[in-house]
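User: I would like to go through this structure in short steps. Please take the aromatic rings first.

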Amino acid sequence: MSPQNHQHAPLRLADEADAAAARDEAESGQHRFDEIIADDSRIEPRDWMPESYRKSLVRQVSQHAHSEIIGMQPEGNWISRAPSLKRKAILMAKVQDEAGHGLYLYSAAETLGTPREDMYDQLYSGKAKYSSIFNYPARTWADVGAIGWLVDGAAIVNQVPLCRASYGPYGRAMVRICKEESFHQRQGWEILYSLSHGTQEQREMAQAAVDRFYGPALQMFGPPDGDSPNSQQSMAWNIKRFTNDELRQRFVDMIVPQVEALGLTLPDPELKWNEERGHYDFAELDWDEFFAVIKGNGPLSRQRLEHYRSARDEGAWVREAAVAYANRASQEQDRDRAALIGA
Amino acid sequence: MSSSADSSTWPLWEVFIRGSRGLSHVHAGSLHAPDATMAIRNARDLYTRRNEGTSVWVVPADAIMASDPDSKGGYFESAQGKSYRHATYYTQSEGVKHL
């Protein structure tokens, strides 16, 4: 409310009235928000929402977007070296999808009031986080297969429940992403299948790739539930629907028959079916490594960020030129219009 | 930060896609682009990579006016309690054909 509306009231009273109005609004807003969450309905961009909900979503959605953008790098490196023209075309389509997914997610985050440029800058400065998995290198062509099968596979298990996230734009972005992601997983599995049914050397290459990516892929679900302080609040808000450990278990149960179909094995001697639980038991993961990678000490943490920065810096002139062109075109249009009116 | 170009932010466009002939355009999402031509091209690349559309509209996001979400549903309440606007309100004709 602007001060002009209270010209006759002492300023202090006006402030108090404003504060009271804001309190009322927050109270009724919170009430409505709680109702929507309790009904398992959706919050939309212009709805009142608690500041903590907004902040938590901006963090999650922008991190997710950054992961898609950085996620182009490990596979992008392999486009020029893919073993056939068809494989190149497939890989390009996949990398283009990752860019698209990043953009859907930035759009969703933007509806929460954070400008796109701010998010780009946070990634550029190294302040923003992204999924640690992308700080691992893709050493061989088989790694490209393992990334598709295991990394995209884990992402799907994580993302399918996010299609029902309480924030409308996030859920809608996830629906679109999930539809596209299953091609990624299948193409990865097929790369590994071709290799595991090839020469002895190819078979070993496939097994080595699975060995490298198994642990990091399982860590994509985040730390164990006991060490995941944000999870509970996120579940209370219907953003997250299952705990990290639940999703990890679901993923392990899913990939065991898949690795058997490949004729390969998972690098975990403790992996075995537990009749009582109706799930596979598996060994504790290397969480020291996980936290080290999160802190920026992953094998390629520095290189990934440097590559992002140089791509952004080197593309700056293109963005500038596009703006200059658009500005000139609109000026010319204005001039033409003025000339018409004058005539 | 990276460069001065980042201060001249590209405007936001809302994208609407016609899934196939005979259907209306439906909101697909949004994107940033310097002008309408680029917005349409980017929309094609971003939202129709798998034959999702036969036609694209882009609208500057700031040209869209919206109803006030704070009206707490009151704005749409006049439709409530008016079941007589629906065919199911009228029951005497039950059993009478084509009515």
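**Rings, charges and the whole chain**

Analyst: This is a predicted model. Ring centres must lie within 6.5 Å to pair. By this rule, the count over all chains is 13 aromatic pairs.

User: Is the pair of A:Tyr53 and A:Trp237 stacked or edge-to-face?

Analyst: The two ring centres are 5.4 Å apart. Their planes stand at 85°, and planes over 60 degrees apart count as edge-to-face. So the pair of A:Tyr53 and A:Trp237 is edge-to-face.

User: How many residues apart in sequence are the parts that this pair ties together?

Analyst: A:Tyr53 lies in helix H2 (residues 51–70) of chain A. A:Trp237 lies in the loop between helix H9 (229–236) and helix H10 (244–262) of chain A. The pair therefore ties together parts whose separation in sequence is 184 residues.

User: Are A:Tyr53 and A:Trp237 buried or exposed?

Analyst: Buried means under 20% relative accessible area. A:Tyr53 falls in that class, and so does A:Trp237: both are buried.

User: Are the rings of A:Trp189 and A:Tyr193 stacked or edge-to-face?

Analyst: Their centres lie 5.3 Å apart. The planes meet at 25°, and planes under 30 degrees apart count as stacked. So this pair is stacked.

User: About how many helical turns separate A:Trp189 and A:Tyr193?

Analyst: Both residues belong to helix H7 (residues 168–196) of chain A. They are 4 residues apart, so the separation is about one helical turn.

User: Which ring has the charged end of A:Arg250 over it?

Analyst: To sit over a ring, CZ of Arg must be within 6 Å of the ring centre. The charged end of A:Arg250 is 4.3 Å from the centre of its ring. That ring belongs to A:Phe242.

User: Is A:Asn135 buried or exposed?

Analyst: A:Asn135 is placed in the loop between helix H5 (116–125) and helix H6 (141–159) of chain A. Not counting residues up to four places away in sequence, A:Asn135 touches several residues, among them A:Tyr130, A:Pro299 and A:Arg304. Its relative accessible area is 4%, so A:Asn135 is buried.

User: What share of the 343 residues in chain A is buried?

Analyst: Chain A has 13 helices and 2 strands. Its C-alpha trace spans about 85 × 60 × 35 Å along the principal axes. Of the 343 residues, the buried share is 48%.

Methods
Residues are numbered from 1 along each chain as its sequence is written. Chains are lettered from A and ligands numbered from 1 in the order in which they are written. This is a predicted model: local features need pLDDT of at least 70, side-chain atom pairs count only at pLDDT 80 or more; totals for chains, interfaces and linings use all residues. Side-chain values use heavy atoms; hydrogens and water are left out. Rings of Phe, Tyr and Trp (its six-membered ring) pair if their centres lie within 6.5 Å; planes under 30 degrees apart count as stacked, over 60 as edge-to-face and the rest as tilted. Buried means under 20% relative accessible area, exposed over 50%, partly exposed in between (1.4 Å probe, protein chains only). A charge sits over a ring if NZ of Lys or CZ of Arg is within 6 Å of the ring centre and within 35 degrees of the ring normal. Contact means heavy atoms within 4.5 Å.
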